[in-house]
Amino acid sequence: MEILSPGRVRLTVDEAQNLSEDVLCRAGYDAEEARIIANHVMDAALCGYEYSGLPKILNVIEYPALRQPRSRMRVIRETPNSVLYDGGNNSGMVTMYHAAQKVIAMARGQGMAMVGINNSWMSGRSAYYVDLVARAGLVALHTVSSRAHVAAPGSMGPVTGTNPVAFGFPTLSDPFVIDLGTSAFMGTDLQLRERMGTPLPEGVAMDAEGKITTDPLKVATILPFGGYKGFALSMAMQALGVLAGSGFGDDKIYGYFIMAIDPERMLPAGDFRQHMSDMLATVKAAPRQPGVDEIRLPGERSVRERARLVKAGLEIDRQIYDALLAVPRGTLPPLS
């Protein structure tokens, strides 16, 4: 660990990985769960999303629902190309990792498959899962309906979650990944700003009186991005959450849905990857406006950040580092 300033420290990738796993094991996760969650937050950090990196571990450990009894995932309903799981009140980073592995195996055999999970919380960065599926040679779609935190146009209170949607497509090189939330500001970023006392951008959230606020401690609702269009897309994610069994949960809102498609059921072997790569190259080669150096594709910045940060290491706030070291042993109940 290198102290960069009174407020920042730098960790090598190995130091950050070991710290993450150690903290999670100390909190009560077993070694496999700790590895899965640590790998997830490390991927987010290496892609340049500090708020979804190591600070996310604190969010997971502090989440009220995860202090209640946990049990192993169980199948509610299963067919040859679909599974609906009860997540056992476990972290969504763990349940969605297993869901991604399951949907890959089923899609390879059936050509297309889907998995839904309810009774699970805080799945992290959706791009992580569609990237896993796309690296297996499959097209992926992943949606989330989550804790109500986002207003409808005209409403005073929240009615949907930040409800991200993500896509993954295999290419001749790294997968082409699209991951976007349907809110004007993401909940994980808000949590970090609450912890650090950092203001929000203007125009993304309201207080309890329906007035725009930049104070993270006064936020009652986040706004949807793009007004009615973002709200409409958020409602689609909410509906797919129902398909994933959100109605079975006590909260009636959390539902994770993931689908995988084998492109070779549509095109000859290898053609999809080639055609995808050709299409992306055509977009990159589009004529640019004056002063524009590059047409940047969705996800491209993350790929470059990962390559850079693997060598440079990760910077995190000293307050976050100290809070991780201070996590008490046995914070979470054991898995039954």
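Two strands count as a pair here if DSSP finds at least two bridges between them. Keep that in mind for the close-ups below, which all come from a predicted model.

**View 1. The β9-β10 hairpin, with its two strands side by side.** Strand β9 (residues 165-169) and strand β10 (residues 176-180) pair up in the antiparallel sense, with five bridges between them. To get from β9 to β10, the chain goes through six residues. Look for F169 if you want a landmark: its bridge partner in β10 is F176.

**View 2. The seven-stranded open sheet.** Read across the sheet and the strands come in the order β3-β4-β5-β13-β6-β9-β10, with mixed pairing. At the edges sit β3 (74-79) and β10, each of which pairs on one side only. Ignoring direction, neighbouring strands in this sheet are turned by 15° against each other on average. As a reminder, strands of a sheet pair through backbone hydrogen bonds, and they can do that parallel or antiparallel.

**View 3. β4 next to β5, a parallel pair.** Here strand β4 (residues 82-91) runs parallel to β5, and seven bridges join the two.

**View 4. Two positive phi values, at N119 and at M122.** Most residues other than glycine have a negative phi, but N119 has a phi near 55° and M122 has one near 60°. N119 is still inside strand β5 (residues 112-121), while M122 is in the loop between β5 and α5 (126-135). Is M122 buried or exposed? Its relative accessible area is 11%, and the cut-off for buried is under 20%, so M122 counts as buried.

**View 5. Helix α5 lying across part of the sheet.**

**View 6. Helix α3, mostly covered.** How many residues of α3 (residues 55-62) are buried? Seven of the eight are: P55, K56, I57, L58, N59, V60 and I61. A lysine and an asparagine, K56 and N59, are on that buried list along with I57 and L58. What do these buried residues pack against? Their partners are the helices α1 (13-27), α2 (31-46), α4 (92-110), α6 (187-196) and α10 (318-325).

Terms used: Residues numbered from 1 in each chain as written. Predicted model: local features only at pLDDT ≥ 70, side-chain atom pairs only at ≥ 80, totals over all residues. Heavy atoms only, no water. Helix = DSSP H or I, 4+ residues; strand = E, 2+ residues; numbered from the N terminus. Buried < 20%, exposed > 50% of the residue type's maximum accessible area, 1.4 Å probe, protein only. Contact = heavy atoms within 4.5 Å. Axes fitted to C-alpha atoms, helices over the stretch in contact; angles between N-to-C directions.
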